[in-house]
Amino acid sequence: MQVPPAHQPKSPALTTFLERGYFEQASDFAAIDAAMTAGMMTFYVGYDPTGNSLHVGHLVQVMAMRALQRAGHRPIVIVGGGTASVGDPSGKSETRKLLSRADIEANAAALRAQLSQFLHFDSGAPNDAVMLDNADWLLELRYIDFLREIGRHFTINRMITVKTYRDRLDAEIPLSFLEFNYQLLQAYDFLHLFRHHGCILQFGGSDQWGNMVAGIELIRRMTPEGEPGTAHCLTLPLLTTADGKKMGKTERGAVWLDPERLPPFDYYQYWIGCDDRDVAKLLRIFTELPIAEIAALTQDGGAALNAAKARLAYEATRLLHGQEAAETAQTAARQAFGGGEDWSAVPELNLDLAEIKLIDLVTHPELLAFKSKREARQRIEQGAVKINGELCIDPARVLTAADCGGAYLRLQAGKKTRVRVTILPS
RNA sequence: GGAUGGGUGCCCGAGUUGGCCAAAGGGAGCGGACUGUAAAUCCGCCGCGUCACCGCUUCGUAGGUUCGAAUCCUACCCCAUCCA
C-alpha cells in the first residue's frame with residue numbers, strides 16, 4: 001500500500017484524481033501513474049445489481065470513472081450478476097438475501113441506463129465503456145477445476161486476515177462458506193478481465209481493498225514468468241458531510257439518481273441545501289468546473305457561497321438529468337424560494353377534486369409534506385404553511401379551484417416543500 | 001445444556017414498593033424566529049385520530065392477577081456475559 005508521493009503524478013488522469021479528491025490510496029501509485037501515462041489503460045469497477053437505482057453515495061465512483069474516460073482510458077463496468085448470487089459480506093453485519101435472475105437483469109439494465117449519463121458506451125471511440133456481467137464467466141465454472149486452478153493460490157490463513165472477514169469472525173456473526181468465497185470470485189473477475197480485456201486497474205470504495213488486493217495477488221501468481229503480470233488497485237474516499245453524516249442520505253431517504261424516485265427539482269435542492277463547509281469539496285468532486293473557477297466561486301465565503309451552491313446544484317443536475325432539466329430546476333428554485341410568483345416550473349400536483357381541506361392536501365400521499373394529520377395540524381398551526389404567499393394557520397380551510405386563481409395554487413409547506421397545486425374536477 | 005443480567009417510543013436511555021406513564025433526559029428529526037434555501041443560537045413540536053385537559057393503540061410475544069400493569073404472575077421468543 002502506498003500513499004501518493006509528494007511530487008506531482010505525470011499522468012493527467014491521476015493528477016485529476018488528486019486535485020479533485022477522488023484518490024484515497026493505491027496499491028502502487030507510481031506504477032499506475034506510469035501505466036496511465038503510457039497510453040490507454042483499461043480499468044474496472046464492480047457493481048452489485050442489488051438495487052434498481054444508484055444514489056448520490058455511488059456518485060464519487062461514477063465521477064471518477066468519468067474522469068478517467070475523459071482522460072482517454074477505458075472503463076469496464078462489471079455488473080455482478082454472478083457474485084450477486086453469492087453476496088459480498090464487506091461492510092455487512094448480516095448475511096444478505098439472495099436475488100432472482102430476473103431481478104438482477106432488470107437492475108443491470110437500470111444501472112447501465114444511469115451510467116450512460118456519465119460514460120459513453122457506444123460512441124465508437126476505442127475507450128468506449130464496456131459493461132459485462134460476471135455471470136458470463138462465473139456461472140460456467142466447474143467446481144473442481146476452479147479449486148485446482150484458483151483455489152490453490154489462496155490460503156485460509158491469509159483470507160481470514162482480511163478485515164471484512166476478520167470482523168465477521170471476531171463478532172462471531174456467521175460467515176457462510178458461500179460468502180467466504182466472494183473474495184475468490186472477485187479476484188477471479190479481475191483475472192478474467194486482465195487476461196481477456198487487458199484490464200490492469202480496479203478501483204472501488206475502501207471496503208473493497210481486501211478483495212481488490214486478492215485479485216492483484218492472484219494475477220501475479222497466475223502469470224507465467226517473463227510476462228507482464230502486474231495489476232493495480234486504488235480506493236476512493238468515503239465522503240461524509242461536514243456534520244458527519246454519510247453523503248447522500250437524508251431523513252427522507254437516499255438521494256436517488258433515478259428521476260422517477262427523486263425528481264430533478266429535488267435533486268437540485270439536495271445540492272443547494274448543502275453545508276457551507278462542503279461546497280468547495282462538492283464542486284470538485286461532483287462537477288467538472290475548473291479548479292481555478294471553483295476557487296474563485298468559493299473564496300469569499302458567507303452569503304456569497306449561495307452563488308457557488310447554485311452553480312453546484314446546476315452543474316450536478318445538468319450532468320445527471322441534462323441541461324434542460326437543470327435549467328428548469330434552477331428557474332423553479334429561484335421562483336419558489338426567492339419569493340417569485342411564477343411557479344410554472346415548480347413540481348405540480350393535480351387534484352381531480354372539487355375541493356380539499358388544507359390538512360388533507362398537505363398529507364396527500366403524493367405530497368406528504370408532513371407524515372401524519374396530527375403532525376400536519378400542529379405544523380399548520382405553528383405557521384408552517386403558506387398558500388399563494390399568505391400564511392394560513394387553519395388546518396380545516398377548504399381549498400377549491402377559486403384558490404388556484406385560474407391556474408394553480410402556490411403551496412409552501414415548511415422549509416423544503418414547494419408545490420404548484422391545481423384543483424380541478426374533471 | 002446450566003447460571004446470571006436484560007429486552008422501553010427513530011436511536012441512546014430513565015422508569016419495575018402497581019395508579020400522578022403516551023412514559024424523564026439526551027440525540028436525531030420537524031416547525032417557527034434570526035439569517036443567506038448554510039451553520040450556530042433561541043422558542044415550539046416530536047404514537048395516532050373526527051385532537052386544548054377526549055378517544056384509540058404502544059414499553060419482546062401470548063396469556064393471567066387487579067377497579068387499574070411498562071411495572072406483579074405464567075409460558076414462550078430473542079439478546080448479553082459467564083460456566084459446560
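The legends below describe close-up views of a predicted model of one protein chain.

**Conventions.** Residues are numbered from 1 along each chain as its sequence is written, while chains are lettered from A and ligands numbered from 1 in the order in which they are written. In this predicted model local features need pLDDT of at least 70, side-chain atom pairs count only at pLDDT 80 or more, and totals for chains, interfaces and linings use all residues, with side-chain values resting on heavy atoms and with hydrogens and water left out.

**View 1. Chain A as a whole.** Chain A holds 18 helices and 15 strands, where helices (H or I, at least four residues) and strands (E, at least two) are DSSP runs, numbered from the N terminus. The C-alpha trace of chain A spans about 80 × 45 × 45 Å along its principal axes. Of the 426 residues in chain A, 50% are buried; buried means under 20% relative accessible area, exposed over 50%, and partly exposed in between, with a 1.4 Å probe and protein chains only. The accessible surface amounts to about 20600 Å², and carbon and sulfur atoms contribute 51% of that area, as computed by the Shrake-Rupley method with a 1.4 Å probe, for which, in the case of residues, only the protein chains shown count as cover. Among the contacts in chain A with a separation of 6 or more, 71% join residues 24 or more positions apart, a contact being heavy atoms within 4.5 Å.

**View 2. The open sheet of six strands.** The strand order in this open sheet is β1-β6-β5-β2-β3-β4, and the pairing is mixed. Because β1 (25-26) and β4 (130-133) stand at the edges and each has a single partner strand, one side of each is left without a neighbour in the sheet. Within the sheet, β2 (residues 42-47) and β5 (residues 199-205) pair in the parallel sense over three bridges, two strands being taken as paired if DSSP finds at least two bridges between them. Tyr44 stands opposite Gln202 in β5.

**View 3. Strand β15 and its two partners.** In strand β15 (residues 417-423), seven of its seven residues are buried. Thr417, Val419, Val421 and Ile423 lie on one side and Arg418, Arg420 and Thr422 on the other, and both faces are covered. Strand β9 (residues 348-351) pairs with β15 in the parallel sense over four bridges, with Leu349 opposite Val421. Strand β14 (residues 409-413) runs antiparallel to β15 and is joined to it by five bridges, with Arg410 standing opposite Arg420. The hairpin of β14 and β15 has three residues between the strands, and Gly414 takes a positive phi near 70 degrees there.

View 4. The twelve residues of helix α3 (residues 59-70) should span 16 Å at 1.5 Å a residue, which agrees with the 16 Å between its end C-alpha atoms; the expected span is 1.5 Å times one less than the number of residues. Eleven of the twelve residues of α3 are buried, so this helix is largely enclosed by the rest of the structure; among them are Met63, Met65, Arg66 and Gln69. Gly72, which follows α3, has a positive phi near 100 degrees. Helix α10 (residues 182-197) has 16 residues and reaches 22 Å from its first C-alpha to its last, close to the 22 Å expected. Since 13 of the 16 residues of α10 are buried, α10 is likewise largely enclosed by the rest of the structure. Gly198, which follows α10, has a positive phi near 65 degrees.

**View 5. Val362 and its surroundings.** Val362 belongs to helix α17 (residues 358-362) and is buried, with a relative accessible area of 0%. Not counting residues up to four places away in sequence, Val362 touches Leu367, Leu368, Ala369, Phe370, Ala376, Val385, Leu411 and Ala413.

View 6. Most residues other than glycine have a negative phi. Leu368, in the loop between α17 and α18 (373-381), has a positive phi near 45 degrees, and Leu368 is partly exposed at a relative accessible area of 39%. Asn388, in the loop between β11 (385-387) and β12 (390-391), has a positive phi near 50 degrees, and Asn388 counts as partly exposed at 26% relative accessibility.
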